[in-house]
Amino acid sequence: MVKRLWFACALFFLCAGVASAQDARAVVQDSLKSMGDVKSIQYSGTGHINSFGQAWIPNAPWPITNLTSYTKTIDFSSKSAKEELIHSEPNPMVKGGGRPFAGDDKQVNFVSGTYAWDMPGSAPVPQPGAAAERQLQIWLTPHGFLKAALENGATAKKVGMMTEISFQTGKYMVTGTIDAHNMVTRTETWLPNPVLGDMPVETTFSAYKDYNGVKFPTTIVQKQGGQATLELTVNSVNANPGLNLSVPDAVKTAAAPPIKVQSQEMGDGIWFVAGGSHNSMVVEFPTYITVIEGPLGEGRSLAVIAEAKRLVPNKPIKYLINTHSHFDHSGGVRTYVAEGATIITQEINVPFYQKAWAAPRTLAPDNLSKGAKEANFLPVREKYVLTEGDRTLEIFHENGSMHNGGMLIVYFPKEKILEEADDYTPDLPELAAPGGIRPPVFMANLMKQIQTLKLDVATVAPMHGIVVTFAELQKAAATGKG
Ligand SMILES: [Zn+2]
């Protein structure tokens, strides 16, 4: 019995054994021969794309939109790509963030080497923060994967009838599978994400077809963080279409915008902290500070924490109130954990954060991953009152939200201030949904909550946009326009 087990193990290791880099080269070259070596490729199709990080509740799918047209053109030698797509909202509307938007939303995105930009109109908009991922996406396509494997000294491993190929490009590890017919069936890498840590990005390729000697999958599915971000049914493929991109001067000289913090006093010991796309609030209590919202990522959090300490010297940040789990609003929460704060969030989010924050963070370590702090949560079901001395905050779960199932709003009963996120975004045209349509369904639900909870609101402090009077929200909700 023992002998047979030993034999089975030995056989397994022989089959699954790591082959040399030379074997990998031969496997990849064979695959490239079977798939058709191309200098550039263009593929088009229809399907779905999803609003990453905008799930209605944790672990639900990223909200889906209909992809009515999609074309990607890649030139491998110049490491450049162009992605054009048009998507629209399903009817009826699905729950979650990144919506609603009116009609068709058209996007045109580029990458060339280390430069990335969008072309929403006739002028390029630099996207320096997107370059690494867009570049990596080239190597996650079937032909791109094989070319990058050859360039980066890949290794091979037999797994049953398949060969698993792995290589490192820059700081990213990429693996992929080549099947017995020499087709690439799957690629995988990991991208740094402020919420999910080293986040898996897995793409599967199936139903290969022959397009004039070039094999290409007709079904492509990409998942990020375990949920679909792209489902594409390919309907045409062009081999060697060429792509001659010249990087616009405005893109070449663009740098990542500096993190700005601008504080506005809203009352005694209450500050609205703006200066970027997302706002926070700093609230002074007799013996501590509470911050509302830790958006975006560690950079923003460090700037807001520094501002909180400047505004309220010599008091610790005891609580961070997280309005909801959408990644743009929760990406900076971990920095507050590292700072020693307890996280107040709707109870549905607690197991999600606990699991997500336990993931490895080798690609972009943050203060929390470098330290050894445990996250402390104060979960809110429907209502929690935070009070000390003269200061009182009432935290409510916003029931009935189509935007997020675990949404919290914060009310200051003495000062008649209401903090809200994403239901109403006043006077920031560049952040308004395409077509200028505000989400009337979100505003209507917020108004309903205010009435049900009998909140006497005078001022609205939104997590995007600017501070306005309650009359502005009433007007916007009544007309459906912000
Ligand atoms: Zn949101």
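1. Donors, as the word is used here, are N, O and S atoms within 2.8 Å of the metal. By that criterion the donor residues of the zinc ion follow the sequence spacing H-x1-H-x76-H-x18-D. The structure under discussion is a predicted model, and the points below should be read with that in mind.

2. The residues behind this spacing are His324, His326, His403 and Asp422. His324 and His403 each contribute NE2, His326 contributes ND1, and Asp422 contributes OD. These protein donors lie 2.1 to 2.2 Å from the zinc ion. His324 and His403 are both buried.

3. Why is the arrangement around the zinc ion irregular? The angles subtended by the four donor atoms run from 85 to 174°. Four donors count as tetrahedral if all angles lie between 85 and 135 degrees, and the angles here reach 174°, so the arrangement is classed as irregular. For reference, the ideal angle for four tetrahedral donors at a metal is 109.5 degrees. Water is not among the atoms, so sites may look incomplete; the label of irregular applies to the four donor atoms as modelled.

4. Aromatic contacts come next. The search of the whole structure returns 14 aromatic pairs. In one of them, Phe352 with Tyr353, the ring centres are 5.6 Å apart and the planes meet at 45°, so this pair is tilted. Tyr353 also pairs with Trp357, and here the geometry is stacked, with 4.9 Å from centre to centre and 20° between the planes.

5. On burial, Phe352 has a relative accessible area of 10% and is buried. Trp357 is buried as well, with a relative accessible area of 10%. Tyr353 counts as buried because its relative accessibility is 0%. Ring pairs connect these residues into a cluster made up of Phe52, Trp62, Phe327, Phe352, Tyr353, Trp357 and Phe377.

6. A contact of another kind involves Trp56. The charged end of Lys95 is placed over the Trp56 ring, at 4.0 Å from the ring centre.

7. Which strands make up the seven-stranded sheet, and in what order? The order is β15-β16-β17-β18-β19-β20-β21; the sheet is open and its pairing is mixed. At its edges are β15 (262-267) and β21 (377-380), each of which pairs on one side only. On average, neighbouring strands of this sheet are turned by 20° against each other, direction ignored. Within it, β17 (residues 280-284) and β18 (residues 289-292) run antiparallel and are joined by four bridges. Met281 faces Ile292 of β18.

8. A second open sheet has six strands, in the order β22-β23-β24-β25-β26-β27, again with mixed pairing. Its edge strands are β22 (383-388) and β27 (468-469), which each pair on one side only. Three bridges connect β24 with β25 (residues 417-420), and the two run antiparallel. Phe412 has Ile417 in β25 as its bridge partner.

9. β5 (residues 104-112) and β6 (residues 115-118) are antiparallel, with four bridges between them. Asn109 has Asp118 in β6 as its bridge partner. How many residues separate β5 and β6 in their hairpin? There are two, and Gly113 in this turn has a positive phi of about 60°. The next hairpin, β6 with β7, has six residues between its strands. β6 and β7 (residues 125-126) run antiparallel and share two bridges, with Trp117 partnered by Pro126 in β7.

10. Is Asn235 buried or exposed? Asn235 belongs to strand β14 (residues 227-239). Its relative accessible area is 51%, so Asn235 is exposed, since the cut-off for that class is over 50%. The C-alpha atom of Asn235 is separated by 7.8 Å from that of Thr46, although the two residues are 189 apart along the chain.

Definitions and conventions
Residues numbered from 1 in each chain as written. Predicted model: local features only at pLDDT ≥ 70, side-chain atom pairs only at ≥ 80, totals over all residues. Heavy atoms only, no water. Donors = N, O, S within 2.8 Å, 3.2 Å for Na, K, Ca; no water. Tetrahedral: all angles 85-135°; square planar, octahedral: opposite > 155°, others 65-115°. Buried < 20%, exposed > 50% of the residue type's maximum accessible area, 1.4 Å probe, protein only. Phe/Tyr/Trp six-rings, centres within 6.5 Å; stacked < 30°, edge-to-face > 60°. Lys NZ or Arg CZ within 6 Å of the ring centre and 35° of its normal. Pairing = 2+ DSSP bridges. Axes fitted to C-alpha atoms, helices over the stretch in contact; angles between N-to-C directions.
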